[in-house]
Amino acid sequence: MALHSAAVSFCCVSFNPQASLFRQCSIKPSRLSSPSLPRFRIQVESGNGPFEVDDSSLVVCFGEMLIDFVPTTSGLALAEAPAFKKAPGGAPANVAVGIARLGGASAFIGKVLVISLLHLARIDKSSFVMVGEDEFGYMLANILKENNVNNEGMRFDPGARTALAFVTLRKDGEREFMFYRNPSADMLLQEAELDIELIRKAKIFHYGSISLITEPCKSAHIAAAKAAKEAGVILSYDPNLRLPLWPSAESAREGILSIWDTADIIKISEEEISFLTQGEDPYDDNVVRKLYHENLKLLLVTEGPEGCRYYTKEFSGRVKGLKAEAVDTTGAGDAFVAGILSQLALDTSLLQNEDRLRDALRFANACGALTVMERGAIPALPTRETVLNALLKPVD
């Protein structure tokens, strides 16, 4: 693998190689509020004692969290795969964990865990934990907690299972999906279950389009975005097109575009440009500009290993990617989103400064490149230290 280096100066990323990027963390639970998970706040141990993670740069991610089953051997059909590795995923959850891994503050809102036939499992003489029959959902809840993602907006559902996705990996690491979610818990989130105060506290509210497919989650999504917009929160949108989940291609196109003009930041892929423009050239800037609406602050087009393009009202350009040996591209786009949002949450003035924005996008490209080197989405998401080391590594 060859990583292309660049002279970078991340004004919003501080890196001290002598210090631990992720210091000891303690999670302090408060009251249990059904149907949500235990609420907690994160304290990070520094040399001068604990301090609270700064909520002023909080990124709240809304949508689905599921289990990806990734084949251990690439280039085979699902039926021919000898074994699968289970890996937590779901685009909004990937972004939330990715931001936390990079040292940022993030939260996840969604309905994930199914609780049925609860029983108490003793941990020690004074502690108990509730365990449900849906061990996949239980695993997902723990993944957020272990990665210091705020789980105040997470909800249980007693009548559905956790969504599953079987992923076929081609020899080049690209994927095809088969979903099991009829219905899954994430589809059943209701407007009344939203943590509106958590949404209003965010600096950025990030979401996809999968939560627009069915009710009641569609109404919950629209209400959450409306609350964020009214509170002055920046809206970030990654359509994350998954055609097999929509009733038809036309309903997917209509659904994705139905909330297009409310977003402040949009990230799309080349394939999604072709889909949304019904076959027009995704490499033609005039075509891309058709998707740029009046109130948009930043439009990002990801090009896989080639990097990304960026468009604002004042400037546009391309930032080259890092070369990486692709094992599994699952989560690469989400890692890219986590990389750019983690920096914009700290300093939104990047949107007005092209040089600094390009530095931030080099960082985001590195996040995506490092993620393709391992199987699964969340397990492969890099830390900030790993990303910065990759950017500084000389060309082989």
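Figure 1. With a relative accessible area of 14%, Asn147 is buried (under 20% relative accessible area is buried, over 50% exposed and in between partly exposed, using a 1.4 Å probe and protein chains only). Before going further, please note that this is a predicted model, in which local features need pLDDT of at least 70 and side-chain atom pairs count only at pLDDT 80 or more, while totals for chains, interfaces and linings use all residues. Residues are numbered from 1 along each chain as its sequence is written, and side-chain values use heavy atoms, with hydrogens and water left out. Asn147 belongs to the loop between α2 (135-146) and β10 (150-156); helices (H or I, at least four residues) and strands (E, at least two) are DSSP runs, numbered from the N terminus. Leaving aside residues up to four places away in sequence, Asn147 touches Val97, Ala100 and Arg101, where contact means heavy atoms within 4.5 Å. From Asn147 to Ile99 the C-alpha distance is 9.7 Å, across 48 residues of sequence.

**Figure 2. The whole chain, as a setting for the close-ups.** The protein chain holds 10 helices and 18 strands. Of its 396 residues, 55% are buried. Among contacts with a separation of 6 or more, 70% come from residues 24 or more positions apart.

**Figure 3. Helix α1 against helix α8.** Two packed helices are described by the angle between their axes and the distance between the axes. Here, helix α1 (residues 91-101) packs on α8 at an angle of about 50°, and the axes are 8 Å apart. Axes are lines fitted to C-alpha atoms, for helices over the stretch in contact, and angles run from 0 to 180 degrees between N-to-C directions. α1 and α8 are therefore oblique to each other; angles under 35 degrees count as roughly parallel, over 145 as roughly antiparallel, 65 to 115 as roughly perpendicular and the rest as oblique.

**Figure 4. Helix α8 against helix α9.** Helix α8 (residues 332-344) and helix α9 (residues 354-371) have axes that come within 7 Å and cross at roughly 150°. That makes α8 roughly antiparallel to α9. α8 passes α9 in a right-handed crossing. On the α8 side, the contact is made by Ala332, Ala335, Phe336, Gly339, Ile340, Ser342 and Gln343. α9 contributes Leu357, Ala360, Leu361, Phe363, Ala364, Asn365, Cys367, Gly368 and Thr371.

**Figure 5. Aromatic pairs.** A search of the whole structure finds 5 aromatic pairs. One of them joins Tyr310 and Phe315 edge-to-face, at 6.3 Å centre to centre and 70° between the planes. Rings of Phe, Tyr and Trp (its six-membered ring) pair if their centres lie within 6.5 Å, and planes under 30 degrees apart count as stacked, over 60 as edge-to-face and the rest as tilted. Tyr310 and Phe315 are both buried. Elsewhere, ring pairs link Phe62, Phe205, Tyr207, Tyr237 and Trp260 into a cluster.

Figure 6. Arg253 lies over the face of Phe275, 4.4 Å from the ring centre. A charge sits over a ring if NZ of Lys or CZ of Arg is within 6 Å of the ring centre and within 35 degrees of the ring normal. Phe275 also touches Ala249, as does Leu243, not counting residues up to four places away in sequence. The C-alpha atoms of Ala249 and Phe275 are separated by 8.7 Å, and the two residues are 26 residues apart along the chain. Ala249 is in helix α5 and is partly exposed, with a relative accessible area of 36%. In another such arrangement, the charged end of Arg289 sits over the ring of Tyr292, 5.2 Å from its centre.

Figure 7. The peptide bond from Glu215 to Pro216 is cis, with omega near 5°, and Pro216 is found in the loop between β13 (204-207) and α4 (217-230). Asn240, in the loop between β14 (234-237) and α5 (249-257), has a positive phi near 50° in a residue other than glycine. At 13% relative accessibility, Asn240 counts as buried. Gln278, in the loop between α6 (270-276) and α7 (285-289), has a positive phi near 55°, again in a residue other than glycine. Gln278 counts as exposed, at 61% relative accessibility.

Methods
Left-handed = near helix turned anticlockwise from the far one by under 90°.
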